Amino acid sequence: LAFVGSRRPSSYGLRMARSLAREAAKAVAVVSGLARGIDTQAHEAALEAGGVTWAVLGSGLLKFYPPENEALGRRIVESGGCLISEYPLFTAPLPEFFPRRNRIVSGLSWATVVVEGQAKSGSLITARLALEQGREVLAVPGPADSPSSQAPHLLISQGAKLACSMEDIWPELPAGVRLAARGNR
């Protein structure tokens, strides 16, 4: 299950990302892009829950970006998760690598949950890619007057499923996952 969102999330976005990813990690791998903000919170929450998380980098595996998440990347691997990159080991991050990375984040996942994002955000790129790949897209609603709610609200207006809790998300995943989740709750 992919979690994507703002690099500068609100406290509400951080809380929702942590809550959803912590619950999801009881039954599925939590996938994200190891970016600042929502991605970091999703990975951290999955680790705290004793779950597995996969991080897709927009750089080589030996050129962490952002650099402050290198320790998080090591913890992900040590806990049985993985770091994924399509770039040579020492490839520095470039802006054009991040939208390309998003197709891997969505492609590894049955569904993508957009937690927060502005009207022009990478979250919307990931949501579009997920739909192109035949994956489910869900969005966490937020305050109507918050710029960080623009992407989720746009997606909801276009038919994305509302994600207020994991109870909204489980039905969108394959039946076997739902059964495993039920057994872990």
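The legends below describe close-up views of a predicted model.

**View 1. Overall fold of the predicted protein.** The protein is built from eight helices and seven strands, taken as DSSP runs (helices H or I of at least four residues, strands E of at least two) numbered from the N terminus. With a radius of gyration of 15 Å, close to the 16 Å that the globule rule gives for 185 residues, the protein is as compact as a globular protein of that length; the radius is taken over C-alpha atoms, and the rule is 2.2 Å times the number of residues to the power 0.38. Of the 185 residues, 49% count as buried, meaning under 20% relative accessible area with a 1.4 Å probe, protein chains only.

**View 2. The largest nonpolar core.** This core has 25 residues, a nonpolar core being a set of buried Ala, Val, Leu, Ile, Met, Phe, Trp, Tyr and Cys residues joined through side-chain atoms within 4.5 Å. Two or more residues each come from helix 1 (11–24), helix 2 (38–48), strand 5 (111–114) and helix 7 (166–169), and helix 1 gives the largest share, five residues.

**View 3. Surroundings of Ile169.** Leaving aside residues up to four places away in sequence, Ile169 touches Leu1, Leu20, Val113, Leu138 and Ala163, where contact means heavy atoms within 4.5 Å.

**View 4. The second core.** A separate core of 15 residues includes Leu124, Ala127, Ala130 and Leu155.

**Notes.** Residues are numbered from 1 along each chain as its sequence is written, and side-chain values use heavy atoms, with hydrogens and water left out. In this predicted model, local features need pLDDT of at least 70 and side-chain atom pairs count only at pLDDT 80 or more, whereas totals for chains, interfaces and linings use all residues.

Definitions and conventions
Buried < 20%, exposed > 50% of the residue type's maximum accessible area, 1.4 Å probe, protein only.
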